[in-house]
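Here are my notes for anyone opening this structure for the first time. Have a look at the model, then go through the points in order.

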Amino acid sequence: FRTIIRYAEFFLMRMDKDSFFLALRNIGGNFLLFMPMGFFLSAFFSSERRFGIVFSTVFLMVFAVEILQGIFRVGVPDVDDLIVNMMGAGVGILVSKKLK
């Protein structure tokens, strides 16, 4: 969680709105980015094992994005991004499940 801790430390050190919005944009953006994917993919799978199927599918997609970032040197591949993206997708899956 180095990246997340770094953003938190930067905000706590400066305590201004710019550092807050920088952290929010990075962490919140990664969280929100894959939430719709979890939500909508869960609508396509109707089996009882839907959560595992959707979660695995989203994991492979997020992992592929992180690998492609490293290959094409666009952005920085980061395990923290993978974790936060998966948390967002998990929330999307759970919201979809609650709405059904």
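1. Let's begin with a crossing: H1 and H2 cross in a left-handed way, meaning that the near helix is turned anticlockwise from the far one by less than a right angle, with clockwise counting as right-handed. The axes of H1 (residues 2–14) and H2 (residues 17–33) come within 8 Å and cross at roughly 165°. That makes H1 roughly antiparallel to H2; angles under 35 degrees count as roughly parallel, over 145 as roughly antiparallel, 65 to 115 as roughly perpendicular and the rest as oblique. Axes here are lines fitted to C-alpha atoms, for helices over the stretch in contact, and angles run from 0 to 180 degrees between N-to-C directions.

2. Who touches whom? On the H1 side of this contact (heavy atoms within 4.5 Å) you'll find Ile-4, Tyr-7, Phe-10, Phe-11 and Arg-14, and on the H2 side Ser-19, Phe-20, Leu-22, Ala-23, Asn-26 and Ile-27. By class, that gives eight nonpolar, two polar and one charged residues (Ala, Val, Leu, Ile, Met, Phe, Trp, Tyr, Cys and Pro count as nonpolar, Asp, Glu, Lys and Arg as charged, and the others, Gly among them, as polar).

3. A caution on the source: this is a predicted model, where local features need pLDDT of at least 70 and side-chain atom pairs count only at pLDDT 80 or more, while totals for chains, interfaces and linings use all residues. Residues are numbered from 1 along each chain as its sequence is written, and side-chain values use heavy atoms, with hydrogens and water left out.

4. Stepping back, the chain has five helices and zero strands (DSSP runs numbered from the N terminus: H or I of at least four residues for helices, E of at least two for strands). The C-alpha trace spans about 50 × 35 × 15 Å along its principal axes.

5. H2 also meets H5: their axes come within 6 Å and cross at roughly 45°, and the two helices are therefore oblique to each other. H2 brings Asn-26, Ile-27, Asn-30 and Phe-31, while H5 brings Asp-81, Val-84, Asn-85, Met-87, Gly-88 and Val-91. That contact divides into five nonpolar, four polar and one charged.
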